[in-house]
Every structure is written in structure tokens, then in C-alpha cells.
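Thanks for asking me to look this one over. My notes follow as numbered points, to be read alongside the model.

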Amino acid sequence: MSETEFLTLAEAVLGRIEAGLEQAGEDAGVDLELSRNGNVLEIEFIDNGSKIIVNTQAPMQEIWVAARAGGFHYRFNGEHWLNT
């Protein structure tokens, strides 16, 4: 996959994550703050100050997630994003 194809795909995923979290936060009454800067999505849980960072790594063609539980890397296999 070309870098342009990856970035288009990753942008769509970040948009779906952002929209899904906004809706889930409203539905569950969870106070979230979502901040997007380019290909980095920062999710902050206001009640406990916990943060999750989701960003794209174009050279690796991966989406990385950083959270208290650790770091996770996801690569698209043509159908699904799989944890590497």
C-alpha cells in the first residue's frame, strides 16, 4: 500500500474512533475531551485524568495507541486492523 493510501485509510479510522467515542461518551454520560491535531487523536477522561493517544505512523503503516495499559501497534491486513 502506498503512503497516500495508508494515510487516507488511517484518517478514516481516526474519524470513526473520534465519532464513536463522542457518541459513546454522550450515551454513557462519560466526560471525555477529544483533541485532534493532524494525525494524532488525544482522548482524555476528565473524571480521572486518564489519557489515550492514538496516532498514525506512516513509515511503519501502523496506527499506534498509547494508554496506561501500554502501547499497541495496529497494521491493516487488507480487511482488519490487527495488533502486531
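**Notes on the fold and its packing**

1. Tyr-74 has its place in strand 5 (residues 70-76); helices here are DSSP runs of H or I with at least four residues, strands are E runs of at least two, and both are numbered from the N terminus. At 26% relative accessibility Tyr-74 is partly exposed, where buried means under 20% relative accessible area, exposed over 50% and partly exposed in between, with a 1.4 Å probe and protein chains only. Tyr-74 touches Gln-61, Glu-62, Ile-63, Val-65, Trp-81, Leu-82 and Asn-83, leaving out residues up to four places away in sequence; contact means heavy atoms within 4.5 Å. Ile-17 is 57 residues from Tyr-74 in sequence, and their C-alpha atoms are 14 Å apart.

2. A word on the basis of all this. The model is predicted, so local features need pLDDT of at least 70 and side-chain atom pairs count only at pLDDT 80 or more, while totals for chains, interfaces and linings use all residues. Residues are numbered from 1 along each chain as its sequence is written, and side-chain values use heavy atoms, with hydrogens and water left out.

3. Six strands form an open sheet in the order 1-2-3-4-5-6, with antiparallel pairing; two strands pair if DSSP finds at least two bridges between them. Strand 1 and strand 6 are at the edges with a single partner strand each, so one side of each has no neighbour in the sheet. On average, neighbouring strands of this sheet are turned by 20 degrees against each other, direction ignored; axes are lines fitted to C-alpha atoms, for helices over the stretch in contact, and angles run from 0 to 180 degrees between N-to-C directions.

4. Two pairings are worth a look. Strand 1 and strand 2 are antiparallel and share six bridges, and Leu-32 stands opposite Phe-45 in strand 2. Their hairpin has two residues between the strands, and Gly-38 there takes a positive phi near 65 degrees. Strand 4 and strand 5, also antiparallel, are joined by six bridges; here Ala-66 has Gly-71 in strand 5 as its bridge partner.

5. Two aromatic pairs are found in the whole structure; rings of Phe, Tyr and Trp (its six-membered ring) pair if their centres lie within 6.5 Å, with planes under 30 degrees apart called stacked, over 60 edge-to-face and the rest tilted. Phe-6 and Trp-81 are edge-to-face, 6.2 Å centre to centre with 65 degrees between the planes. This pair links Phe-6 in helix 1 to Trp-81 in strand 6, 75 residues apart. Phe-76 and Trp-81 form a tilted pair at 5.3 Å and 50 degrees. Phe-6 is buried at 0% relative accessible area, whereas Phe-76 is partly exposed at 22%.

6. Last, a backbone detail to check. Most residues other than glycine have a negative phi. Gln-61 is not a glycine, yet has a positive phi of about 55 degrees. Gln-61 sits in the loop between strand 3 and strand 4 and is partly exposed at 23% relative accessibility.
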